[in-house]
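Please keep the sequence and the 3D view open while you read, and look up each residue as it is named.

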Amino acid sequence: MDYKYCGRSGIQLPRLSLGLWHNFGDTDNFQTATAMILRAFDAGIVHFDLANNYGPAPGSAESNFGKILHTHLQGHRDELFIASKAGHDMWPGPYGTGSSRKNIIASCDQSLRRCGLDYFDVFYSHRYDGVTPVEETMDALIQLVRQGKALYVGISKYPPREQQLAYDILLQAHVPCLLSQYRHSLFDRKAQAENFKLAACAGSGIICFSPLAQGLLSGKYNQGIPPQSRAARSTGFLQPAQVTEERVEAARQLALIAEQRGQTLAQMALAWALHDERVTSCIIGTSSVRQLDSNLEALSNLHFSDDELAAIEQIVSAPSISF
Ligand SMILES: NC(=O)c1ccc[n+]([C@@H]2O[C@H](COP(=O)([O-])OP(=O)(O)OC[C@H]3O[C@@H](n4cnc5c(N)ncnc54)[C@H](OP(=O)(O)O)[C@@H]3O)[C@@H](O)[C@H]2O)c1
């Protein structure tokens, strides 16, 4: 595994990290979940990305991760970089969602208990909720660091204005924002223009998520929606309506370029996301060890020729493809 320094910090992260948004909840296969975590760890993926609401049921991905950690990875805590977040819907009522200090602090305590951990390596504000002043949310994150519940803090999906404000507030408190999470893939390149630029200037590492556009960039939808795929599952966040003919056709064309590079489409899509110098790590999701192993192979060719980039650009620049 290759590791890269995360922004202006002493922390190195693996180029590929594993996310537990799907496939690690109580409705998923626990043996497969265990096998994926252990295989990831053996391959050098030491960075695991969680959030309070990951499941289903919400919270169950953290509980399952905690079980796997304590059963199989006892004694390895210091080798791991574990992330969690708060901000999306978690429990009913006014305090179970959003980016208030009340929700962030309670959520972090709950997440630590579910995972059976004393601290997270990074705790994120999962989203700017459009109402809570950024000052309030950042004060809560700073408090978590001062209390030893998080070593570092991060933000996710913040619009440019709030992103810069968050960096400024955190820097003033000497708790720099070390990680900034944005969706980034061949089908969604919106964050590159503003968010990546601001993060790079602030010395915050860029962690990109959904680099395969939830599976659309694996080619698995080229002959329709397969049973058991994310788009087929009622609990999956990829909606069948998002599997459009335009995106499927783009995936088919991209696969031809990948083939010439000696890669699968998924491997090329991951390599493309990582080839932006500013990206520290891509968080992938997998539903099997086989997918994980195959995706790891992406790291053996991250280089793109100008011709390849131009050919890719021509395919993905169509507005109908963008998420
Ligand atoms: N900060 C945020 O707001 C936020 C939001 C979203 C995600 N995230 C993080 O990012 C992580 C990754 O997101 P994601 O799961 O959407 O990532 P992704 O890598 O774009 O999609 C993963 C899905 O693609 C399919 N897939 C992966 N490799 C494949 C392969 N080699 N061949 C065929 N299909 C393959 C699998 O779906 P099937 O089930 O169809 O096999 C897999 O579950 C999440 O777990 C989470 O930690 C953060």
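This is a predicted model: local features need pLDDT of at least 70, side-chain atom pairs count only at pLDDT 80 or more; totals for chains, interfaces and linings use all residues.

Helix H10 gives the largest share of the shell around the ligand, namely three residues.

**Around the ligand**

- The ligand is surrounded by 30 residues, and the closest of them are Gly-19, Trp-21, Phe-209, Gly-215 and Gly-285.
- Two elements, strand E10 (279-284) and helix H10 (289-296), each give two or more residues to this shell.
- Sorted by class, the shell around the ligand holds 17 polar residues, nine nonpolar residues and four charged residues.

**The chain as a whole**

- The protein chain is built with 11 helices and 10 strands, and its radius of gyration is 19 Å, close to the 20 Å that the globule rule gives for 323 residues, so the chain is as compact as a globular protein of that length.
- Taken along the principal axes, the box filled by the C-alpha atoms of the protein chain is roughly 50 × 40 × 35 Å.
- Of the 323 residues in the protein chain, 47% are buried.
- When contacts between residues at least 6 apart in sequence are considered, 77% of them join residues that are at least 24 apart.

**Strand E3 and its partners**

- Strand E3 covers residues 16-19, with Leu-16 and Leu-18 pointing one way and Ser-17 and Gly-19 pointing the other way, and all of these residues are buried.
- E3 pairs with E10 in the parallel sense over three bridges, and within this pairing Leu-18 stands opposite Ile-284 of E10.
- E3 also runs parallel to E4, to which it is joined by two bridges, and here Gly-19, which is among the closest residues to the ligand, stands opposite Asp-49 of E4.
- To get from E3 to E4 the chain passes through helix H1 (residues 30-42), and this β-α-β crossover is right-handed.

- Strand E5 (residues 81-86) is mostly covered, since six of its six residues are buried.
- Phe-81, Ala-83 and Lys-85 point one way from E5, whereas Ile-82, Ser-84 and Ala-86 point the other way, and buried residues are therefore found on both of these sides when each has 20 or more other C-beta atoms within 10 Å.
- E5 pairs in the parallel sense with strand E4 (residues 47-49) over three bridges, and the bridge partner of His-47 in E5 is Phe-81.
- Between E4 and E5 the chain crosses through helix H2 (residues 60-72), in a β-α-β crossover that is right-handed.
- E5 is also joined by four bridges to strand E6 (residues 120-125), and these two strands run parallel, with Val-122 of E6 as the bridge partner of Ala-83.
- From E5 the chain reaches E6 through helix H3 (residues 101-115), and this β-α-β crossover is right-handed.

**Backbone details in two loops**

- The peptide bond from Gly-55 to Pro-56 is cis, with omega near -5°, and Pro-56 lies in the loop between E4 and H2.
- Another cis peptide bond joins Pro-56 and Ala-57, with omega about -10°, and Ala-57 is found in that loop between E4 and H2 as well.
- Ser-210, in the loop between strand E9 (205-209) and H8, has a phi near 55°, which is a positive value in a residue other than glycine.
- Ser-210 counts as buried because it has 25 C-beta neighbours inside 10 Å, where the cut-off is 20 or more.
- Ala-213 is buried because 21 other C-beta atoms lie within 10 Å.

**Arg-247 in helix H8**

- Arg-247 has its place in helix H8 (residues 245-260), and it counts as buried because it has 21 C-beta neighbours inside 10 Å.
- If its neighbours within four places in sequence are left aside, Arg-247 is in contact with Phe-187, Leu-216 and Ile-321.
- Arg-247 and Ile-315 are 68 residues apart along the chain, and their C-alpha atoms are separated by 9.8 Å.

Technical notes:
Residues are numbered from 1 along each chain as its sequence is written. The radius of gyration is taken over C-alpha atoms; the globule rule is 2.2 Å times the number of residues to the power 0.38. A residue is buried if 20 or more other C-beta atoms lie within 10 Å of its own, exposed if 12 or fewer, and partly exposed in between; C-beta atoms are placed from the backbone. Two residues are in contact if their C-beta atoms, placed from the backbone, lie within 7 Å. A residue is near a molecule or strand if its C-beta atom, placed from the backbone, lies within 6 Å of it. Ala, Val, Leu, Ile, Met, Phe, Trp, Tyr, Cys and Pro count as nonpolar, Asp, Glu, Lys and Arg as charged, and the others, Gly among them, as polar. Two strands pair if DSSP finds at least two bridges between them. A crossover is right-handed if, with the strands pointing away from the viewer, the path from the first strand over the helix to the second runs clockwise.
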